[in-house]
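Here are my notes on this structure. Please keep the sequence and the 3D view open as you read.

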Amino acid sequence: MSITTYANAADLNSPLDIKPVTGTIGAEIRGVVLSGDLDAATVQAIQDALVRHKVIFFRGQHHLDDAEHENFTALFGDPVAHPTVPVAEGSRYLLELDSREGYAASSWHTDVTFVDAYPKGSILRGITIPEAGGDTLWANGETAYEALPESLRQLVNNLWAVHTNLYDYAAILGNAPKDNASAREQIKRHRNVFASTVYETEHPVVRVHPVSGQRSLLLGHFVKNFVGLNQADSQRLFSILQDHITRPENLVRWRWQPGDVAFWDNQATQHRAVADFGLQRRTLRRATIHGEAPVSIDGRTSRIVRQEKAVEYEAA
């Protein structure tokens, strides 16, 4: 794949109609009707575009229901359910993201990094979309790593971080009022489901992509601390590195329409919802594809260091 004028340029040899969205990440693919019956050549072309552009978008896939969403996902690997959250009603492994109370998880993350072999890809389908607001942002961890000053790059090359699903849920549910009973109950429900089993996993801060061999920064809101650093030092360093990832130059923003599908490489990106849609309804369903444990520059593999049932949380 030759890159000519900018990092996110379309591959001229691809059989797909690909329109890059920004100069560094994201592309819309046109003229493909998604289903579980796509031919092998189209599936490979989509996979190649995913590795190249990090997140790819398909407009107008109104025909997709849960079953066909799942069938399409299975073309790219083994679909997996979320390790703690129950699947959406009527599906085999889809996770429903339904902001019916005006709350939304609005913090930068890579999906499910609190386990070792977290998903290699996620496929999100828009069902009910707010009239205004509710966009999603993605960040390119590869361009973020490449743009680091040399001194920081040398530091992170050998750095490891502990990721966990036991964190400050009130902070993540960014647009939820914190001073009423409804919000406290929402936080309680979220924690008692999402962290019903507590995981802690050590990952390299720099992950080597298993397909492209490119290096990317692996961080996001599941990071608890860096191995060998205390909490205060970890937080300062995390803020510096996370700010590099989420610079505008590394981002793409997608304005959802009903029937849209976003497919992202969960091995090289972070993402977040924009919680600016108030009490409008926002419903999407997500499938994830089984991944392999990250490998560091020196060849070490991520590992789970804690996995245990949680004590039920009571809201204050």
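**Notes on a helix, a loop residue and a sheet**

1. Start with helix H2 and its surroundings. The buried residues of H2 pack against helix H1 (40-53). They also pack against four strands: E4 (79-80), E6 (121-128), E14 (261-265) and E16 (283-289). Keep in mind that this is a predicted model.

2. Which residues of helix H2 are buried? H2 covers residues 66-74, and its buried residues are Asp66, Glu68, His69, Glu70, Phe72 and Thr73.

3. Now go to Thr246. This residue lies in the loop between helix H7 (231-245) and strand E13 (251-254). Is Thr246 buried or exposed? Its relative accessibility is 18%. Buried means under 20%, so Thr246 counts as buried.

4. What does Thr246 touch? Leaving aside residues up to four places away in sequence, Thr246 is in contact with Trp108 and Leu251.

5. Strand E13 also belongs to a sheet. This sheet is open and has three strands, in the order E13-E7-E15. The pairing is antiparallel. E13 and strand E15 (269-273) stand at the edges. Each has a single partner strand, so one side of each is left without a neighbour in the sheet. On average, neighbouring strands here are turned by 20 degrees against each other, direction ignored.

6. Look closely at strand E7 (residues 136-140) and its partner E15. How many bridges join E7 to E15? There are five, and the two strands run antiparallel.

Note on methods: Residues are numbered from 1 along each chain as its sequence is written. This is a predicted model: local features need pLDDT of at least 70, side-chain atom pairs count only at pLDDT 80 or more; totals for chains, interfaces and linings use all residues. Side-chain values use heavy atoms; hydrogens and water are left out. Buried means under 20% relative accessible area, exposed over 50%, partly exposed in between (1.4 Å probe, protein chains only). Contact means heavy atoms within 4.5 Å. Two strands pair if DSSP finds at least two bridges between them. Axes are lines fitted to C-alpha atoms, for helices over the stretch in contact, and angles run from 0 to 180 degrees between N-to-C directions.
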